[in-house]
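Dear colleague,

I am writing to hand over a structure for your attention. Please find the sequence and the coordinates below, followed by an account of what was found.

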Amino acid sequence: GPERIDKMVDILRQWQNIERKAIDSCASIMEKTNNSLIRQMMEIIRNDSVQHHRVQQFIIDSLTKEQVKLTPEELAEIWDEITAHDEVERETIELAKELKKECTFFVQKALLDYLITDEEKHDKLLSSLEDFKKNLYPYG
């Protein structure tokens, strides 16, 4: 009911405050160092925090302003492109895994691991669209 939504929104807003602090913290750290590795890592984290904040706001809006809507027709219009994009994501995952196996350098291997995780995250997001599709179309 409404109490549950209010509680979710409150928690999401608290989380957004934390993300804003993380964004500021990353920027501060980046200003204090010229080390390219630290700057790169802080930039990755800062960008992720910005995106997290945006997604949290989307969730808040979907709970308080307008429900998320997705019609079978909307999904059908772009399904072939989504499928093709998912294939590209999977291809990059395999390529990165192959490169990571060959890599003997700690820093580069750690960054490749990050990229693999991020590409797998993209694949998971696209897979969730497959779940939406199954729920929109009872026959799959």
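How many salt bridges does the count come to? The count comes to 7 salt bridges, a salt bridge being a side-chain nitrogen of Lys or Arg within 4 Å of a carboxyl oxygen of Asp or Glu.

Please note that this is a predicted model, in which local features need pLDDT of at least 70 and side-chain atom pairs count only at pLDDT 80 or more, while totals for chains, interfaces and linings use all residues. Residues are numbered from 1 along each chain as its sequence is written, and side-chain values use heavy atoms, with hydrogens and water left out.

Overall form

The protein chain has 4 helices and 0 strands, and its pattern along the sequence reads α-α-α-α. Helices (H or I, at least four residues) and strands (E, at least two) are DSSP runs, numbered from the N terminus. The radius of gyration of the protein chain is 19 Å, whereas a compact globule of 140 residues would have one near 14 Å; this radius is taken over C-alpha atoms, and the globule rule is 2.2 Å times the number of residues to the power 0.38. Along the principal axes, the C-alpha atoms fill a box of roughly 50 × 35 × 20 Å.

Surface, contacts and charge

Of the 140 residues, 21% count as buried (buried means under 20% relative accessible area, exposed over 50%, and partly exposed in between, with a 1.4 Å probe and protein chains only). The protein chain exposes about 10,700 Å², and carbon and sulfur atoms supply 57% of that area; accessible areas come from the Shrake-Rupley method with a 1.4 Å probe, and for residues only the protein chains shown count as cover. Among contacts (heavy atoms within 4.5 Å) between residues at least 6 apart in sequence, 67% join residues at least 24 apart. The mean positions of the 20 positive and 29 negative charges are 7 Å apart. Here Lys and Arg count as positive and Asp and Glu as negative, without His and the chain ends, and the place of a charge is NZ of Lys, CZ of Arg, CG of Asp or CD of Glu.

Individual salt bridges

Arg90 and Asp123 meet through their side chains in a salt bridge, at 2.9 Å from N to O. Arg90 lies in helix H3 (residues 72–102) and Asp123 in helix H4, so this pair ties together parts that are 33 residues apart in sequence. Arg90 is partly exposed at 37% relative accessible area, whereas Asp123 is buried at 15%.

Lys97 forms a salt bridge with Glu120, and their closest N and O atoms are 3.5 Å apart. Because Lys97 lies in helix H3 and Glu120 in helix H4, the pair ties together parts that are 23 residues apart in sequence. Both partners count as partly exposed, Lys97 at 33% relative accessibility and Glu120 with a relative accessible area of 35%. Salt bridges that share partners also join Asp86, Arg90 and Asp123 into one network.

Lys69 and Glu66 form a further salt bridge, with the closest N and O atoms 4.0 Å apart. Lys69 counts as exposed at 62% relative accessibility, and Glu66 counts as exposed at 54%.

A lysine in helix H4

Is Lys133 buried or exposed? Lys133, found in helix H4 (residues 106–136), counts as buried because its relative accessibility is 17%. Lys133 and Trp79 are 54 residues apart in sequence, and their C-alpha atoms are 9.3 Å apart in space.

With kind regards
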